[in-house]
Amino acid sequence: MSGPDRTKLPIRRPAFGGTVARTLDGCQPDWAQIDHPHPPVGAPNVLVVLIDDAGFGNPSTFGGPIDTPNFTRIAERGLRYNRFHLTALCSPTRAALLTGRNSHTVGFGSVGEFSNGFPGYTALLPHDCAPLPRILRENGYSTAAFGKWHLTPDGQQGPAGPLDRWPNAWGFDHFYGFLGGGASQWDPCLAENQKIIGTDPAFYDEDNPYYLPDAMADKTIQWLHGVRAQDATKPFFVYFATGCSHAPHHVADSWAQKYKGRFDQGWDRMREEVFARQQELGVVPADAELTVRNDAFPAWDDVPDRLKPYYARQMEVYAGFSENADHNVGRVIDAIEELGELDNTLVIWIWGDNGASMEGSLTGSFNELTMQNGIPLTDEMQLQLAERYGGMDAWGGAMMDPHYSAAWAWAGNTPFQWGKQVGSHLGGTRNPMVIHWPDRITDNGGLRSQFTHVTDLAPTILDVCGIPAPDEVDGIPQEPLHGATFADSFSDAGAPERHTQQYFESVGNRAMYKDGWWLAMRTERIPWVLTPAALQPYAPGVWNPDDDPTELYYLPDDFSQAHDLAAEHPEKVEELRALFWSEAEKYKVLPLLATLGVFFGIAPPLPEVSTFEFRGDVENVLSGMVPRIYNHSYTISADLVIPEDGAEGVIVAEADHLGGFSLFVDGGRLTHTYSMMGVFVFRQQATEPLPTGEVTVRMEFAADAPKPATGGEVTLFVDDKPVGSGRIDHTVPIRFSGYAGLDIGRDNGGVVDLSYADRRPFPFTGTVKKVVFDVRPHLALEDEHAVHLAGQHGQAVHAVSN
Amino acid sequence: MAIDDETIDVLIGGYLSKDAAIEDYESVLGCGGYLHGAVVVTKDLEGHLEVQQTDHMVREGAAGLGAVGLVVGLFAPPLFAATAIGAVIGAGAGKLLHHRTAEKLEEQAGATIPIGGAGLIVAYPHSAAAKVEPAVTRAVTRAVGEAEGHHVQALKGAITDAQTKLAKQQH
């Protein structure tokens, strides 16, 4: 029996097969008219799990030091894939996974925060590339996504949208998580479907605080139960994308304590230990070699003894954080098993989306945003700042937003070189994958070594579901999928490789793979360094990509990329280099380094709006949507109503004590606190109390000059009368936070000024009628251009760090 | 030993945490070197100032140390903000960028102990320097000043010298 035509979506409703007359007399209804599309018979449930910012050598399932019992149990009843590849950045991998197409083609050559005017870098999913969840939903699946999204442009993450790039529009019936690239795990600014819901009320419960990984599992299980309560057989597609192990590395200390002392040997020795286990497990061939440490990373032996505990603790927390993710994925899998549906659920679990992240720089940080803001802190300074906010025992708690050292990330990518952002090498492009499906996989614990790529997942899922990739969606002809199914490898260890050719490109680092050969073309910029000296060689008219050093590897004989064959095979180098350029053109990779174009003078037009008005009930404005007060003068004014007995509380606040500002009333006095990333905290307070009745207050920041990180003078006004002042020596040049929002009339979640933390969210007890930001006072046009460009530079820095 | 018998050294250290300052303070007290006095000043996250000092102050009449509540030049990170990078690169590439973003970032001045920070001041005879100075291991900024003369005059002179050196470190 032929089914509906699934090549054109939405599936057309069948022609009416009954009869209709003027009255019911003699009429025959056609009940198919009120049915909905059903997937092909036997189509399985699908659960895709994507861990964030983790490396090939992290999970114990692949020989790593982090205990991942659930990943292992799934592997032991399923298959390990040890040659699975992806892009070296967050959003591109997610876009490729969910579309089955190369990331540049679908507008995600870079991350969601960095949407620019080149086709491969818009961060706007084209309508001719309908994504997998949309296809599955139109074919009768219930679909849901939980956790990290990172596929909606920064400037579209509010109620005005447009909402056509939010998760629901990508085809998910339900979404719970966060839209950005990272989130506090204790205090995420949450989104649910098409609304930013902000801080969960449980954040304020000190005895049983909110924790996103737990909540993600809870919400997923609730959603599954809800679907099954309504429909016992409708298959589901769940995309479970953890915030872990992206910074901030947040986890309860009990999880980190499990690793106490387990990293005291340092990163060099850890790599050797991991490599030995990988070979013992067979996930790395016996003839593979451990690659050597690049000089960019310090030897552990060169770390001063007194700082070794500081570094070791960073990795202990990361490990505990990661194991907790394994635990919560395990809860979801248990829930599916309890439903009796695990055997018919295709579980695809990928440990990492781009290799482990080296964005913590060499020192690691108590606050990952210090790096993005260009604040050079030594490891001793980082340690002292950690002490300020509770000490190393609190690393992982809500008072810090920590990131570990790049050297730990490199070790987490054992046995490979490099890591995240470095698309030229396997450290950033090869991650562990496990597939579990008892109804179809019988080679329990088997290993598969076919070259596979993240674009293969959607074709594979559609293949096993019996659903074709549509050639038309909403009347729009569709770009064919770029990946290839590898479903036959489920039952055949010797299944042929179908993905024989693939380009890679992330932040200018690029590679070309073909039939086992891999040409690596790495820019010499170290990923965590964005200094003028590091970037200048890549300026337009200066950089010739073909002059970059090349390395050539033959992967069938060299699993880890330990032997550069470029000198021996110059003809292969040229062949693959030429192939890269043609693939780059075909898939919209060009221009290279479009991600960093803003550093070379290519910026979007000047914004036309410079005043922003917020009424008193606006809250949870995501960080990318907040008026940019950086690097120049600005004013914030508010119209208030103060009751006869006075008022206190927050008028307006952005982010938290690790970077942000708050204008509030305490003890009857107008107060302004500015946290420069938690490194410096500046506070100004009025010398006289607020009057009652209708009051207008204002803070003015008069910058020393319109320039990055400018200092300046703050003056507080009440009804245009100056009532207080003070200096801010250092301001934040780029961004307070990647994940804490702005609130009017309160300071949701973690607060800016810790003096009112015991009263959080410290709601204003009078009335805030409106708050107005003027972010362009007194600027000459030339200064305006300069500041705009500086802001765009900052946006780029933030973007490549997510 | 009377403090006007020889050159007085004053070490000023700046810290980003109270813990680090106290650690050095205690280390100095236990270093075995003769001290004229030591004082550690910390400011908590709510802005409250706290001062700890040795009884050397009283013994030696070194009131000048205890009176120094604010230490010049605790910590001023050069903000190599990425926002300024484009100007430099753009200039190299001949791109049109406004000259004001191409200016070298000015060094930032930090005149007081910041909220959450701390300062340590130690005065000692120059002959004790070999024991005192290695005991200070965690200061993120530090300078040693020296002066000769009558003890109070020498002490103030040494503090001024140390503060001047700290200020120079930021330029």
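In this predicted model, Ile651(A) touches Ala638(A), Leu640(A), Leu663(A), Phe664(A), Val665(A), Gly745(A), Phe764(A), Val768(A) and Val771(A), leaving aside residues up to four places away in sequence. Ile651(A) belongs to the largest nonpolar core, which holds 238 residues. Within this core, Phe240(A), Ile651(A), Val10(B) and Val122(B) touch the most other members. Helix H7(A) gives the most to this core, with 13 residues. In soluble globular proteins, nonpolar side chains tend to be buried together.

Helix H7 spans residues 308–338 of chain A, and helix H1 spans residues 69–76 of chain A. Their axes come within 7 Å and cross at roughly 50°. H1(A) and H7(A) are therefore oblique to each other. On the H1(A) side, the contact is made by Pro69(A), Asn70(A), Phe71(A) and Ile74(A). On the H7(A) side, Asp326(A), His327(A), Val329(A), Gly330(A) and Ile333(A) take part. Five residues of this contact are nonpolar, three are polar and one is charged.

Helix H2 (residues 90–99) of chain A is mostly covered, with 10 of its 10 residues buried. Among them are Cys90(A), Arg94(A) and Leu97(A). Gly100(A) follows H2(A) and has a positive phi, near 70°.

Several backbone features stand out. Most residues other than glycine have a negative phi, and most peptide bonds are trans. The peptide bond from Leu9(A) to Pro10(A) is cis, with omega near -5°. Pro10(A) sits in the loop between strand E1 (8–9) and E2 of chain A. Ala247(A) and Pro248(A) are also joined by a cis peptide bond, with omega about 0°. Pro248(A) lies in the loop between strand E9 (236–241) and helix H5 (253–257) of chain A.

Ser361(A) is not a glycine, yet its phi is positive, about 55°. This serine lies in the loop between strand E10 (345–350) and helix H8 (369–372) of chain A. Ser361(A) counts as buried because it has 22 C-beta neighbours inside 10 Å, and the cut-off is 20 or more. Leu593(A), not a glycine either, has a positive phi of about 65°. Leu593(A) lies in the loop between helix H13 (570–586) and strand E20 (611–615) of chain A. With 22 other C-beta atoms within 10 Å, Leu593(A) is buried.

Methods
Residues are numbered from 1 along each chain as its sequence is written. Chains are lettered from A and ligands numbered from 1 in the order in which they are written. This is a predicted model: local features need pLDDT of at least 70, side-chain atom pairs count only at pLDDT 80 or more; totals for chains, interfaces and linings use all residues. Axes are lines fitted to C-alpha atoms, for helices over the stretch in contact, and angles run from 0 to 180 degrees between N-to-C directions. Helices (H or I, at least four residues) and strands (E, at least two) are DSSP runs, numbered from the N terminus. Angles under 35 degrees count as roughly parallel, over 145 as roughly antiparallel, 65 to 115 as roughly perpendicular and the rest as oblique. Two residues are in contact if their C-beta atoms, placed from the backbone, lie within 7 Å. Ala, Val, Leu, Ile, Met, Phe, Trp, Tyr, Cys and Pro count as nonpolar, Asp, Glu, Lys and Arg as charged, and the others, Gly among them, as polar. A nonpolar core is a set of buried Ala, Val, Leu, Ile, Met, Phe, Trp, Tyr and Cys residues joined through C-beta atoms within 7 Å. A residue is buried if 20 or more other C-beta atoms lie within 10 Å of its own, exposed if 12 or fewer, and partly exposed in between; C-beta atoms are placed from the backbone.
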